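Here's a quick briefing to read alongside the model. Have the sequence and the 3D view open as you go.

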Amino acid sequence: MQANALFFHHPASKAYKFNEDHPFNPIRAVLTMDLLKKLNKLPDSSIVIPELLADDSLLSLVHRPDYIDAVKQASYTEDRNVTALLSEKYGIGTEDTPHFSGIHHAASAIVSGSLAAADAVMRGDTLHAYHVSGGLHHAFPERAAGFCVYNDAAIAIEHIRIKYGARVLYIDTDVHHGDGVQWIFYNDPNVCTYSIHETGKFLFPGTGYVYEKGNDQGFGSCFNIPLEPYTEDDSWLESFNVTIHKVIEHFRPDVIVSQHGCDAHAFDPLSHLHCSMKIYHEIPAIIHRLAHEYTDGRWIALGGGGYDIWRVVPRAWSLVWLEMIDQPVAYSGDNSPLLLPDQWVKQWQQESPVILPKEWTDPLELLGQMPRRKDIEQKNRLTQSIAIQDIK
């Protein structure tokens, strides 16, 4: 019997932690799963623990053998000469992506979750699959970057291409450009990469411009929507709606793989967009509708960035799952916001360094308005038009 949605998580992915002070903290997934459990929306029967990778063959779909060996070496070495070489040549041990004991095992566990989610959807075991620990979209075949060691999203996509021969639409809503996935499939006409993000003029990784459209046979299968700093909800959603509908109608995929970084929120410490929880209600709802309209429901969702780990990530990531199981959070009958489970708030407030929200939405007065709103909206509309001008 086909499931409507399955939730993939391997306990070993919790070991993907660089250090105590690093902004990437795997407690994000713990907080998310606990929130869903306290809502009684994540039964054990929906959780799948994937099998760990038996060897390097699936990692090698994307990553070079010498790079995989370097990651393994970084898992146990403390030799400063070796770690300096790994940092310079392979990007492992940098300030952004430090090495830690067991880094290969933890990163491989994340890959296993995304691969298992992809197989479950493509085999027809489930319509939708969700892997919150996935979405490490900055890793390249030969180096780590931006907190990402193995590019689980790209590995899952390449696996889908090889094993199932399907056309894949990759949708990346992280505030940082999905550069690793884009460049890996830049020449592939059967993988369409779409990324909506803060412009690289001011934010890592400094790429993702509208003129990046693919190369050779892949030309026209790459779309970027770089948004102006301090973009707010309405302009973000307009940019997404106008462009993603054009792209999917043009590309006609067999399956959607989406990355749900939630760092475009105004609270996020690593970016400059000024969105609220409103977009994180809408994003999964839009993708869900597109999946049923274009891909017979086949939809694989991954996590990604998000560095306000207490106030934003658990709510945003929970909303993806709730949409998948057709129980999205809405407003109550009197149009007042629905509250988070009081038990969850009280439990985690003891550990949180900030006051946790009590509602699923953000009060608008909490965020304020940007003074250059009209100018920002006009610039984003120009970007929209340029990004899709070649689509007939």
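How many salt bridges does the structure hold? The count is 21. Keep in mind that this is a predicted model. Below are a few of those pairs, plus a look at one loop glycine.

**Charged pairs**

- Start with Glu 20, which forms a salt bridge with Lys 17; the closest N and O atoms are 3.1 Å apart.
- Glu 20 sits out in the open, with a relative accessible area of 64%, so it counts as exposed, the cut-off being over 50%.

**A link between two helices**

- Next, Asp 234 and Lys 278 meet through their side chains in a salt bridge, at 2.9 Å from N to O.
- This pair ties together distant parts of the chain: Asp 234 belongs to helix H7 (residues 233-251) and Lys 278 to helix H8 (residues 277-294), and the two residues are 44 residues apart.
- Lys 278 is partly exposed, its relative accessible area being 40%.

**Inside helix H12**

- Lys 374 and Glu 377 also pair up, with their side chains meeting in a salt bridge at 3.9 Å, N to O.
- Why are Lys 374 and Glu 377 separated by about one helical turn? It's because they are 3 residues apart in helix H12 (residues 373-387).

**Gly 93 and its loop**

- Where is Gly 93 placed? You'll find Gly 93 in the loop that runs between helix H3 (80-90) and helix H4 (103-123).
- Gly 93 has a relative accessible area of 33%; that value lies between the 20% and 50% cut-offs, so Gly 93 is partly exposed.
- Leaving aside residues up to four places away in sequence, Gly 93 touches Ser 87, Pro 98 and His 99.

Definitions and conventions. Residues numbered from 1 in each chain as written. Predicted model: local features only at pLDDT ≥ 70, side-chain atom pairs only at ≥ 80, totals over all residues. Heavy atoms only, no water. Helix = DSSP H or I, 4+ residues; strand = E, 2+ residues; numbered from the N terminus. Buried < 20%, exposed > 50% of the residue type's maximum accessible area, 1.4 Å probe, protein only. Contact = heavy atoms within 4.5 Å. Salt bridge = Lys/Arg side-chain N within 4 Å of Asp/Glu carboxyl O.
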